[in-house]
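Colleague: Please take one part of this model and go through it closely. I would like a connected account of how that part is put together and what lies against it.

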Amino acid sequence: MPAPALSSSTLAQHLNARAQRRRFGVAVAAVAVAVGLLTGCTSPSSAPEPSDPAGVVAIPDTAAAGQIEWALGLLNADTDITVDQLEGRFTKEFLAQMPAEDLAAQLNEGVRPLKPFKTTDYADVSEVVGAARITAANAESFSLEVRVEPDGTISEMLIRPAGK
């Protein structure tokens, strides 16, 4: 029996959904890989004293920027990130790929030891996609990127060493 024919709009929707799932999987995997890279290449015990706040940039009032500020607040907090703090901030699809327990553990073990972070550059790609360059206490720079859905939840998050 031949497969049913797909209309061009149905095919386009299918391909778009497939591409979104692929990008999403890459973004979630990138958080895990980037956090693993951070864990393996830095030593919190050798971090110098925090630098002065000079060079900190303002973050605009967009959905993406708001989520980046929230994430930066968690990374700089005095206490470890908890699952409760992550619940409701990420899409169900994100959490299906990267459970909140795993995300909290990776951020606590791989990123937070380098705190405090300061925002040294920011760019909105759009209202829902933003990227901040954050600099750790040891002067290493990282890119913190997010994509926010219309309901305000984060569908993609990436923390990786920033390019020079």
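Modeller: Strands E1 and E2 pair in the antiparallel sense, over six bridges; two strands count as paired if DSSP finds at least two bridges between them. Strands here are DSSP runs of E with at least two residues, and helices are runs of H or I with at least four, both numbered from the N terminus. In this pairing Thr 119 stands opposite Ile 134 of E2.

The model is predicted, and residues are numbered from 1 along each chain as its sequence is written. Local features need pLDDT of at least 70 and side-chain atom pairs count only at pLDDT 80 or more, while totals for chains, interfaces and linings use all residues, and side-chain values use heavy atoms, with hydrogens and water left out.

Continuing across the sheet, E2 (residues 129–135) is joined to E3 (residues 141–148) by seven antiparallel bridges. The hairpin of E2 and E3 has five residues between the strands, and Ala 139 takes a positive phi near 75° in it. E3 then runs antiparallel to E4 (residues 154–161), again with seven bridges.

Taken together, the four strands form an open sheet with antiparallel pairing, in the order E1-E2-E3-E4. E1 and E4 are the edge strands, each pairing on one side only. From one strand to the next the twist averages 15°; axes are lines fitted to C-alpha atoms, for helices over the stretch in contact, and angles run from 0 to 180 degrees between N-to-C directions. In a regular strand, side chains alternate between the two faces of the sheet.

Helix H2 lies across E1, E2, E3 and E4, and runs at about 130° to E3. Contact means heavy atoms within 4.5 Å. H2 has 14 residues and reaches 20 Å from its first C-alpha to its last, close to the 20 Å expected at 1.5 Å a residue; the expected span is 1.5 Å times one less than the number of residues. Its buried residues are Ala 64, Ala 65, Gln 67, Ile 68, Trp 70, Ala 71, Leu 72, Leu 74 and Leu 75. Buried means under 20% relative accessible area, exposed over 50%, and partly exposed in between, with a 1.4 Å probe and protein chains only. Their cover includes helix H3 (83–86), helix H5 (100–110) and strand E1 (118–124), along with E2, E3 and E4.

Trp 70 is placed in H2, which spans residues 63–76. Its relative accessibility is 15%, so Trp 70 counts as buried. Apart from neighbours within four places in sequence, Trp 70 is in contact with Gln 85, Leu 86, Arg 89, Phe 90 and Ile 154. Of these, Arg 89 is 19 residues away in sequence and 9.6 Å away in space, C-alpha to C-alpha.

As for the setting, the protein chain has five helices and four strands, in the pattern α-α-α-α-α-β-β-β-β along the sequence. Buried residues make up 37% of its 164 residues.
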